[in-house]
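Subject: Structure for you, with notes

Hi,

Here is the structure I promised to pass on. My notes follow below it.

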Amino acid sequence: MWVFYNGKILDLENVTISPFDRAFQFGDGVYEVIRYYPEKFFEYDSHLDRLKSSLKKLEISFTAFVNIESILYELIRKNNLDDQLSIAYIQISRGVQFPRRHYFDDGMEPTVFMYVEKFPARQEEMKSGVKAGLEEDIRWMRCDIKTTSLLPNVLSKQRAVKNGVTEIIWHRNGFITEGTQTNVCFIKNNELITPPLSNFILPGITRGIVLRLCKKLGITTTERDIKLSELNGFDEILLLSTTAEVIPVIEADGKIINNRIPGPVCRLLQGEYQKLYNAESR
Ligand SMILES: Cc1ncc(COP(=O)(O)O)c(C=O)c1O
C-alpha cells in the first residue's frame with residue numbers, strides 16, 4: 001500500500017513515526033476524510049477549507065495546501081484505485097516534540113500523513129435504514145474542530161457496535177447535537193430541521209450539501225435547537241456524512257420511525273445527492 005508521509009510517497013512498511021509525535025502523545029492533530037467517486041474527489045474544496053479552519057483553530061502552522069490534491073490523485077493511481085469508490089484520509093499533526101511537554105514550541109514542523117482506501121457505498125444501510133441509540137454528549141466544547149482526539153466518539157461507537165446499533169445520536173443539556181460520525185437532521189411535514197452550526201457540532205460537508213439540495217428542491221430548511229423530547233414527533237430521521245451520504249434511521253432508542261420504512265424526503269435527497277456526485281465525477 002502506497003501512502004504519503006512527510007513529503008514522500010512510500011510503501012506503508014517504510015513509514016516510521018516518532019513516539020514523540022504530538023498526535024501519538026496528545027491526539028494533537030486534525031484530519032479530513034474525502035470521498036473519491038471515480039474519477040474525482042467530491043467537494044474537495046469544502047474539505048480543504050474545513051482542514052484549514054481546523055488547523056487555524058488549533059494554531060498548527062501548515063501552508064503546503066496546494067500540493068495535497070495532486071498527491072491524493074497520485075495515491076489513487078499508485079494504489080490502482082482509479083475506478084474504485086474510495087476515500088482519502090488526511091492527517092496533519094502538530095509534529096514531533098522532545099522532551100514531552102503539554103505546551104508546544106513555536107515553529108514546529110507538522111507531520112503529514114495521507115492514504116487512500118477502497119471504501120464501498122453503504123448500500124444496504126442507505127436502502128433499508130439503520131438503528132440508532134441515544135447517549136449524552138460528553139465531548140469538549142470545541143466539537144467544530146475535526147481533531148484526531150476522538151475518545152468520546154470511539155467509546156460511544158464501541159457501545160453502538162456492542163448493542164447492535166449503527167450510530168449513537170448525542171444530546172447535550174437536553175438538546176440533540178450530532179452522531180459520533182454523522183450530522184443528524186429531522187423531517188416533519190416536509191420541512192428539514194437540523195441543529196445550527198456552533199461549537200457543539202462539526203460543520204459537516206454533507207450537511208452543507210443537503211441544505212443546498214433542499215433549497216434547490218424547495219424543501220424548507222430550519223436550523224434550530226432540537227429538544228430531545230421532540231424526537232418522537234418526527235416523520236424521518238437522517239444521518240449525514242461523507243461515507244454515509246444520506247442514511248435513514250428506522251429505529252431510534254428502540255422507538256420505531258415510520259413503521260421502519262425510509263421516508264420520501266430521504267429517498268429524494270439520496271437520489272439528488274447521487275446525481276450531484278455523478279455530475280461532478282467522471
Ligand atoms: C462528529 C462528526 N459529525 C459529523 C460528521 C460528518 O461530516 P462530513 O459530512 O464532513 O463527513 C463527521 C464525519 O466524520 C463526524 O465525525
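Domain 1 and domain 2 bury about 1900 Å² between them, and carbon and sulfur atoms give 59% of that area. Buried area here is the accessible area (1.4 Å probe) that two parts lose on being put together, summed over both. On the domain 1 side, Tyr31, Phe42 and Arg50 supply 33% of the area buried against domain 2, more than any other three residues. The domain assignment puts domain 1 at 2-118 and domain 2 at 123-280; such bounds come from an automatic or database assignment. Their C-alpha centres lie 26 Å apart. The contact (heavy atoms within 4.5 Å) takes 23 residues from domain 1 and 22 residues from domain 2.

Before you read on: this is a predicted model, where local features need pLDDT of at least 70 and side-chain atom pairs count only at pLDDT 80 or more, while totals for chains, interfaces and linings use all residues. Residues are numbered from 1 along each chain as its sequence is written, and side-chain values use heavy atoms, with hydrogens and water left out.

The sheet and its helices

An open sheet of six strands runs in the order β2-β1-β6-β5-β3-β4, with antiparallel pairing. Its edge strands are β2 (8-11) and β4 (40-41), each pairing on one side only. Strands and helices are DSSP runs, numbered from the N terminus: E of at least two residues for strands, H or I of at least four for helices. Two strands pair if DSSP finds at least two bridges between them. β3 (residues 29-37) and β4 are joined antiparallel by two bridges. Tyr36 has Phe41 in β4 as its bridge partner.

Helix α2 (residues 44-57) lies across β3, β4 and β5 (86-93), at about 175° to β3. Angles run from 0 to 180 degrees between N-to-C directions, with axes fitted to C-alpha atoms, for helices over the stretch in contact. Helix α3 (residues 68-78) also packs on the sheet, and its direction makes about 40° with that of β6 (111-118). Glu69 sits in α3. Its C-alpha is 8.5 Å from that of Phe41, 28 residues away in sequence.

The cores

A nonpolar core is a set of buried Ala, Val, Leu, Ile, Met, Phe, Trp, Tyr and Cys residues joined through side-chain atoms within 4.5 Å. Buried means under 20% relative accessible area, exposed over 50%, partly exposed in between (1.4 Å probe, protein chains only). The largest core has 26 residues, of which Leu51, Ile68, Leu72 and Met114 touch the most other members. Helix α3 gives the most to this core, with five residues. A second, separate core of 20 residues includes Val210, Val265, Tyr273 and Tyr277.

Around β13

All six residues of β13 (residues 236-241) are buried. Glu236, Leu238 and Leu240 cover one side, and Ile237, Leu239 and Ser241 the other. Five bridges join β13 to β10 (residues 183-188), antiparallel, with Phe186 partnered by Ile237. β13 also pairs antiparallel with β14 (residues 245-252) over five bridges. Leu239 stands opposite Ile247 there. β13 and β14 form a hairpin with three residues between them.

Ile257 is in the loop between β15 (255-256) and α7 (264-280). Ile257 counts as buried because its relative accessibility is 9%. The C-alpha atoms of Ile257 and Ile237 are separated by 7.9 Å.

Best wishes
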